[in-house]
Amino acid sequence: MASDLSLSSPAGVTTRQILATAEVLASGGLAAFPTETVYGLGADATTPAAVAQIYAIKGRPQFNPLISHVASIDAAIAEGEFPPLALRLAQAFWPGPLTLVLPRRAGGNVCDLACAGLATVGLRVPAHPVALALLRAFGRPVAAPSANRSGRISPASAADVRAEFQDMVPILDGGACAVGVESTILACLNGRVSLLRPGGIAREEVEAIAGLTLDAPAPGIHAPGMLASHYAPNAGIRLGATDLRPGEIGLGFAGTLDGARRDLSPRGDLNEAAANLYGFLRALDAEGAGTIAVAAIPGHGLGAAINDRLRRAAAPRT
Ligand code: TXA
Ligand code: MG
């Protein structure tokens with residue numbers, strides 16, 4: 001294990017806690033840790049038995065590929081084949097809320113199960129200082145989906161993780177997640193760049209750096225895990241609400257929904273709305289509402305990711 005932990009206590013987490021968590025991962029265990037998007041449920045990505053526990057504890061219906069988190073671009077290059085454009089995107093957005101799906105490099109260390117047997121690997125260098133410190137201490141890729149049970153709302157705080165898994169996994173508490181929605185996933189395959197999942201980096205920002213318009217996923221490129229019903233609270237969800245109906249509880253945006261219990265961003269800031277999204281959904285759900293009525297959210301910038309998650313939350317449950 002690496003010893004260059006120059007950050008003594010990133011975001012209130014001690015070096016001792018980071019090293020202890022790296023030990024848990026090294027012994028094949030699971031641990032939850034903060035990233036700037038959502039909390040991840042991590043396991044050693046190079047060890048199938050460790051990765052298998054992620055699927056088991058989350059109750060994932062099938063072996064969807066997991067994102068492998070690494071500490072640096074160099075560590076990512078050891079796992080994936082980077083075409084020049086992918087390297088440019090990595091240099092522009094890492095560390096940050098971007099995941100690149102690339103061909104697996106021969107001799108890479110991420111195991112088949114983490115890639116769900118595909119010839120591709122999903123890689124991300126997260127920006128949260130606690131995540132980076134953990135990855136540096138561990139020294140190997142960490143497979144981590146969001147730290148929630150399958151189909152449930154993603155956790156944006158340590159308390160959210162505890163509500164999902166109680167004391168089943170150790171949790172590094174690095175505070176609330178600044179971005180609040182999952183990473184943007186891009187596939188860089190066969191000379192094309194396609195958007196597999198809108199997320200914490202806006203499509204517009206990616207297109208500006210890449211100098212091209214992102215493709216829709218090509219037919220045959222697998223975007224598994226993108227189930228229609230996902231990110232679901234217990235309450236029903238009604239989108240595009242302009243008023244509240246009897247029995248509904250309101251989630252507003254920019255002050256547009258009269259009587260709303262909460263407003264994702266009173267000043268209409270989409271970044272603030274993304275950061276508040278999952279926490280507010282959890283809070284309203286906990287009030288026992290039958291239906292959460294959500295105001296219309298603009299579709300540009302992080303609005304694309306917010307609307308994507310809200311549509312999934314509103315979809316008929318499977
Ligand atoms: O922000 C995030 O991305 C969070 C934090 C913890 O990093 N992680 C996350 O992971 O959302 P997860 O497991 O929920 O998302 C994994 C998704 C898969 O469902 C799939 O859509 C895509 O990433 N993915 C990963 N590897 C892939 C691959 N090899 N080919 C295609 N899609 C892949
Ligand atoms: Mg998830």
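Trainee: Is arginine 238 buried or exposed?

Mentor: Arginine 238 is buried, at 17% relative accessible area. Buried means under 20%, exposed over 50%, and partly exposed in between, with a 1.4 Å probe and protein chains only. This is a predicted model: local features need pLDDT of at least 70, side-chain atom pairs count only at pLDDT 80 or more, and totals for chains, interfaces and linings use all residues. Residues are numbered from 1 along each chain as its sequence is written, and side-chain values use heavy atoms, with hydrogens and water left out.

Trainee: Which residue forms a salt bridge with arginine 238?

Mentor: Glutamate 248, with the closest N and O atoms 2.7 Å apart. The pair links distant parts of the chain: glutamate 248 is in strand 10 (residues 248-252) and arginine 238 in strand 9 (residues 236-241), ten residues apart. A salt bridge here is a side-chain nitrogen of Lys or Arg within 4 Å of a carboxyl oxygen of Asp or Glu. Strands are DSSP runs of E, at least two residues; helices are runs of H or I, at least four; both are numbered from the N terminus.

Trainee: And glutamate 248, buried or exposed?

Mentor: Glutamate 248 is buried, with a relative accessible area of 17%.

Trainee: How many salt bridges in the whole structure?

Mentor: The search finds 16. One of them joins arginine 203 and glutamate 207, at 3.0 Å from N to O.

Trainee: Where do arginine 203 and glutamate 207 lie?

Mentor: Both are in helix 7 (residues 203-210). They are four residues apart, about one turn of the helix. Glutamate 207 is buried at 19%. Arginine 203 counts as partly exposed because its relative accessibility is 33%.

Trainee: What about aspartate 269?

Mentor: Aspartate 269 forms a salt bridge with arginine 267, with the closest N and O atoms 3.2 Å apart. Arginine 267 is exposed, at 62%. Aspartate 269 is partly exposed, at 23%.

Trainee: Which residues are linked in a network?

Mentor: Glu182, Asp308, Arg309 and Arg312 are linked by salt bridges.

Trainee: New topic, backbone. Where is the cis peptide bond?

Mentor: Between tryptophan 94 and proline 95, with omega about -5°. Proline 95 sits in the loop between helix 4 (84-93) and strand 4 (98-103).

Trainee: Why flag that?

Mentor: Most peptide bonds are trans, and most residues other than glycine have a negative phi.

Trainee: What is phi at alanine 116?

Mentor: Positive, about 50°, although alanine 116 is not a glycine. The residue lies in the loop between strand 4 and strand 5 (120-124). Alanine 116 is partly exposed, at 26% relative accessibility.

Trainee: And phi of asparagine 190, what value?

Mentor: Near 55°, again positive in a residue other than glycine. Asparagine 190 is in the loop between strand 7 (184-189) and strand 8 (192-197). With a relative accessible area of 73%, asparagine 190 is exposed.

Trainee: Zoom out. How many helices and strands?

Mentor: Nine helices and twelve strands. Buried residues make up 54% of the 318 residues.

Definitions and conventions: Chains lettered and ligands numbered in written order.
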